[in-house]
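Please keep the sequence and the structure in view while reading.

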Amino acid sequence: MLRSGLIATKIGNTSHYSDDGTSTHVTVLKVDECVVSNIKTTEKNGYNAVQLATIETGKDISKINKPQRKIFTSINLNPKKILKEFRVDSENILEVGTKLNADHFKVDQFVDASSISIGKGFAGVMKRHNFGGLRASHGVSISHRSHGSTGQNQDPGRVFKGKKMAGRMGNKKVTKQNLKIIDIDTTNNLLIVKGSVPGKKNSTIFLKDSVKK
C-alpha cells in the first residue's frame, strides 16, 4: 500500500537511552510541516501522486517564477523552498492543503531515507572501491595504491564504461532502507531514527514507508 512520505531536515546524531538503560545510536530529523500543494491522478496525469511543499523561502510571492507562483497562490500558501512528489495508491490521495507532521509515521515502524551523500572529493580506487592495492614490497616502483591496468587486448581495445577507477566519491543520491523509528517528538516535530541517515547536517531527507518491511 503506497502512501505519501515526508520531507525532513537532518539535525544531527546523538544517543537515545531506553527505559532499561540501553543506549542506541540515532539520527534526529526535523519535519517542518509538509503541505499538500498538488495532486496527480491516473485520469489526468497517468499516475497517482501527492506533491508536498515545505520550508518557507522568506521571499515575496512576486519574486517566485510564474509556474511555481501558480501552485502557491491557488492554495493561498507562502512560497516554499522544497517541492517533492510521492507516488501513492488511489485510496491514499490527500486533499490539497492537507498538512502532514511527524505523527504521519509511528514508533517502531520502518522507513526508507533518501538524500545526497556527503561529498568526499576526488578519491583513489582503494578508498573509493575498496581495492587491495599492489604489492608493498619489491618491484612496484612507488605505485602501491594505483589501480593497475584498465584496458583489454586489441579487441575491444578500449576501457569499458563504468570501470571502477579513481574519481569523485560521494555527493550522489543515496537511499538507506529499513531504518527503525525509535521515538517521535510531536511537540517539536522530531523523528528519532535508529542508525545513520545519508547526508550532512541541515540536508534535506525524503522519508517514506519501507519498501521491504
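A nonpolar core is a set of buried Ala, Val, Leu, Ile, Met, Phe, Trp, Tyr and Cys residues joined through side-chain atoms within 4.5 Å. Buried means under 20% relative accessible area, exposed over 50%, and partly exposed in between (1.4 Å probe, protein chains only). The model is predicted: local features need pLDDT of at least 70, side-chain atom pairs count only at pLDDT 80 or more, and totals for chains, interfaces and linings use all residues. Residues are numbered from 1 along each chain as its sequence is written, and side-chain values use heavy atoms, with hydrogens and water left out.

The largest nonpolar core has 26 residues, and those that touch the most other members are Leu-29, Val-31, Cys-34, Leu-52, Phe-105, Leu-191 and Leu-207. A second, separate core of five residues includes Ala-53, Ile-71, Phe-72 and Leu-77.

Helices (H or I, at least four residues) and strands (E, at least two) are DSSP runs, numbered from the N terminus. Two strands pair if DSSP finds at least two bridges between them. Four strands form an open sheet in the order β5-β4-β3-β6, with antiparallel pairing. Its edge strands, β5 (80-87) and β6 (99-100), each pair on one side only.

| Residue | Phi | Relative accessible area |
|---|---|---|
| Asn-171 | near 60° | 41%, partly exposed |
| Asn-189 | near 55° | 16%, buried |

Asn-171 lies in the loop between β9 and β10 (173-185), while Asn-189 is in the loop between β10 and β11 (190-194).
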